[in-house]
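Please take a moment with the sequence and the structure shown here before reading on.

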Amino acid sequence: MIRVGDSRPLERHNQTVRLYLDKTLTAMNMLPVLVSTQVVPVGVKTKEGGSQCGVRRALPRSIAMMMDRHVSFESCFNFRDLGGYLTTDGRTVRWGCVFRSGSLRLTPADFAVLQRLRVRTVIDLRSTRELESEGRSGYLGELDYHHVPLFEQEALPFRPFEVGRPDPPQGEMYLSIAVACGDSVARCLRTIAECDHAVVFHCAAGRDRTGIVAAILLASLGVPDETIVTDYALSDRALEPWLTWAKVNDTKVAADIEALPNSLLTASPQSLIFLLEGVRSSYGSIEKYLVGIGVGADVVGALRSRLLE
């Protein structure tokens, strides 16, 4: 076992390394690039006893969480399970009930994976313009599809990126979205609460809009901030394979990715910390924020009943 801060050298080639992150999470930035790295975030419970919502993947208990919660697809990236996280009251988010993802580009093999996961509901957070431009997989016609744009391109709740102009910290953008787009966040949470089967919510990259909804959802379940931030940081793992795929299959997407500054390409833990602390500062608590956007105790109760064990 190797802990963050150990001075022992890490083997770099095809070795499973379990890295236990401390609450600051900043140690992530000091880690070397590892091959087949597996990370066990603080506050994660490994799989035992299956799931009431989806299918439990038969993996050994010793397999670490970063490797385990990511689901591999041919043309869909950043798809991962939000199960296994411990709450402050000692319960656990159920495996196989709710997933987060980047855009659902699905090959026949990808759709077969989605079926094996028993996903029956899709929540698409992309804007109407994105949906009209990029479309959606024809396979999603077989599922319960909800288009819930977190915001529309014509009414951005933040200043859009422009080359050569300094941007505000990403966390400020996240907080602006959470405050201005509460109706959409509420629709997502209500949809998840009403499902009796596995659900996935996604945007384009599966990091920013999806990360905001995932943070609010996990916070509503009582998952501690350090665990929520750790989950958000896992999105960095998807960037390289997504870009590699795009260079071959969608050169416009590849060009758009490569045009972004590094600050917009990485999942900075400080951005999620700013969001969560900002919501509490503005509303008093996550619970009061939820009430303010129309997510009452009945919805929170339904979420906890469905997603916790």
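## The protein as a whole

A residue counts as buried when its relative accessible area is under 20%, as exposed when that area is over 50%, and as partly exposed in between. In this model, which is predicted, 52% of the 309 residues of the protein count as buried. The protein exposes about 14000 Å², and carbon and sulfur atoms supply 52% of that area.

The fold contains 12 helices along with eight strands.

## A positive phi at Asn78

Most residues other than glycine have a negative phi. Asn78, although not a glycine, has a positive phi of about 65°, and its place is in the loop between helix 1 (65–69) and strand 4 (80–81).

Is Asn78 buried or exposed? With a relative accessible area of 5%, Asn78 is buried, because that value falls under the 20% limit for a buried residue.

## A positive phi at Arg118

Arg118 is not a glycine either, and it has a positive phi of about 65°. The loop that holds Arg118 runs between helix 2 (108–116) and strand 6 (119–124).

Methods:
Residues numbered from 1 in each chain as written. Predicted model: local features only at pLDDT ≥ 70, side-chain atom pairs only at ≥ 80, totals over all residues. Heavy atoms only, no water. Helix = DSSP H or I, 4+ residues; strand = E, 2+ residues; numbered from the N terminus. Buried < 20%, exposed > 50% of the residue type's maximum accessible area, 1.4 Å probe, protein only. Areas by Shrake-Rupley, 256 points an atom, 1.4 Å probe, with all protein chains shown as cover.
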